[in-house]
Structure formats: structure tokens, C-alpha cells
Amino acid sequence: MKFIEHLGLAEKALIKEQIQNADKVLVGLGAGMALSAGLKPLPLDQRQSKENYWHFWRPYLEEQRFQQESNPVYDDLMTLLAGKDYFIIDANPDGMLYRSGVDLDRLYKVQGDLARAQCQKNCSHKVYPVRHSLQKLEQGKEKEICCPECGAPLVLNVYTDKDFCEAPYEKQKAAYFRFINSSDKERLVILEIGVGYTIPEMMRFPFEYIVQNHRNASLIRVNTLHPLCVEENKHKAICIACDAGTVLKTLVE
Ligand SMILES: [Zn+2]
């Protein structure tokens, strides 16, 4: 394992070479990416009353999903991936990648999207545009926003528990598996950024498994808190204990 705490010229050259030589690049983005870009953490574990729910979330939605200004950290990622056969699995439900021009066919939002609302009980596996909910509140037509099917509250279509509505992401989930499966005879680099142990079965564990079982796969892990990899993958990994934004900026400079 190559362990990097400071990104000097030699380290930068090593990482760039890995990415340049890759046939495919699989990118996994966790909360550490969003934090590095300056986004506020989403307080998804805070319970809100039905009346307060959408008022509470509105500022987060405007800032992280609906405003259009791109962020340099995400711009740098897309610059790094320019011309590569890439696929991104993003655990953040924000809109940052859209603003930086990601190819939508190459993106899987594994934990949902702040632009969508769903029934709290996921009664019908349907999603609704969040914009409509906010407009209804603004017009004062409704005090709380309810599921048109069963009357339960509408909530954000963001993963918090088993009632998450996965329907809008099925197509891209399949595309993600196709990307992995089509890489078995190619050089695959997994670039994992800011993925911790909150839900490790979504990315961190599968990535280690892929690297272990895929002859030509290697791992580049960027993580200030948990940079190390499993023993079995040490010969295939570069582990970087530096801030994601700093790493990406250095790589595209
Ligand atoms: Zn419902």
C-alpha cells in the first residue's frame, strides 16, 4: 500500500499515472466529498413535525439542489474524468455533479435526490417533484404536504431507512452493475472519495471486494479519517489521508 499524507510532485505523478492508464474509472463519493466542497451536512436524523418539515428543509434544498452555481471541487473532479470511461456512484443527494456537467448516464444517486419527494410510507413507490411541494407552501394553499395516494406526509426521497423509494434509481443501478461487469478484462481504477463507515455496505465494502477479486483493479482512496484499506488489497491501493478538494485541485493543476 502506498500511504500518502502529503501530496508532493512524486505522489501527484503516481496518482495521475494510475488514472491515465485506466480503461475505466469508477468513482465513489461519500459525505467527505460534500463537506470538502463546503456543503452543510444534512441533518437527516433530526425529526421534524409535519407542519415544519418542508420549511426546515427549504434552505438546504435551495443551496444544495436548486441553485445553479458550480463548485470548484466538483468541477475539478469532472476535469479529472474528462475523456475517461467513468461511472460515478454518489451517496450525496445534492445537485453538485449536475452543476459540473456530469453525464447523467454515468451517474447513480445511491441514496436519493433532494429534488424528489416520496410518501413517508412509500405506499405506492412513486416520487413527486419537490418544487411542487415548495410552491404549494409558498402559495399558502396547503400547510403540510401529503401523499396523494394515502394521505401520509410527503418527505424527501433520500435514504434514511427501509421505506426509501428506490424506483427512480433502478435504471442507473443496473447501469452501475453493467459498468463493473464489463470491466473484468480491463484496467479498472476505483477512486473513492470521502466514503466512511456510515453505510459501508453501499460503497466501501463492495469496492474492497471488487479490488480483491478483479485482477486488474486498483483502489485510490481519499479519506482524512479512514484512509487505510484491507490487508488483502494493500498491494493494489493508494491511500491518501488528505482533504478531497486539495487532492482534486492538485491533480488537475
Ligand atoms: Zn402514501
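Mentor: Gly-140 is exposed, because it has 7 other C-beta atoms within 10 Å and 12 or fewer count as exposed. Please keep in mind that this is a predicted model.

Trainee: Where is Gly-140 found?
Mentor: Gly-140 sits in the loop that runs between helix 6 (130-138) and strand 7 (154-158).

Trainee: How far apart are Gly-140 and Tyr-60 in space?
Mentor: From C-alpha to C-alpha, Gly-140 and Tyr-60 are 20 Å apart, and in sequence they are 80 residues apart.

Trainee: Which residues does Met-33 touch?
Mentor: Not counting residues up to four places away in sequence, Met-33 touches Asn-92, Ile-193, Gly-194 and Ala-244.

Trainee: Let us change topic. Which residues touch the most other members in the largest nonpolar core?
Mentor: Ile-88 and Ile-190 do, in a core of 46 residues. Strand 8 (residues 188-193) gives the most to this core, namely five residues.

Trainee: And what is Ile-88 in contact with?
Mentor: Leaving aside neighbours within four places in sequence, Ile-88 is in contact with Val-27, Leu-29, Leu-97, Val-102, Arg-106 and Leu-107. Another core, of 18 residues, lies apart from the largest one; among its members are Leu-61, Cys-119, Val-130 and Cys-147.

Trainee: Back to helix 6, then. How do helix 3 and helix 6 cross?
Mentor: The axes of helix 3 (residues 53-66) and helix 6 come within 11 Å, and the crossing angle is roughly 125 degrees. The two helices, helix 3 and helix 6, are therefore oblique to each other. Their crossing is left-handed.

Trainee: Which residues meet there, in helix 3 and helix 6?
Mentor: Helix 3 brings Trp-54, Arg-58 and Leu-61, which meet Val-130, Ser-133, Leu-134 and Leu-137 of helix 6. In this contact of helix 3 with helix 6, five residues are nonpolar, one is polar and one is charged.

How values were computed: Residues numbered from 1 in each chain as written. Predicted model: local features only at pLDDT ≥ 70, side-chain atom pairs only at ≥ 80, totals over all residues. Core = buried A, V, L, I, M, F, W, Y, C linked by C-beta atoms within 7 Å. Buried ≥ 20, exposed ≤ 12 C-beta atoms within 10 Å, placed from the backbone. Helix = DSSP H or I, 4+ residues; strand = E, 2+ residues; numbered from the N terminus. Contact = placed C-beta atoms within 7 Å. Axes fitted to C-alpha atoms, helices over the stretch in contact; angles between N-to-C directions. Parallel < 35°, antiparallel > 145°, perpendicular 65-115°, else oblique. Left-handed = near helix turned anticlockwise from the far one by under 90°. Nonpolar A, V, L, I, M, F, W, Y, C, P; charged D, E, K, R; others polar.
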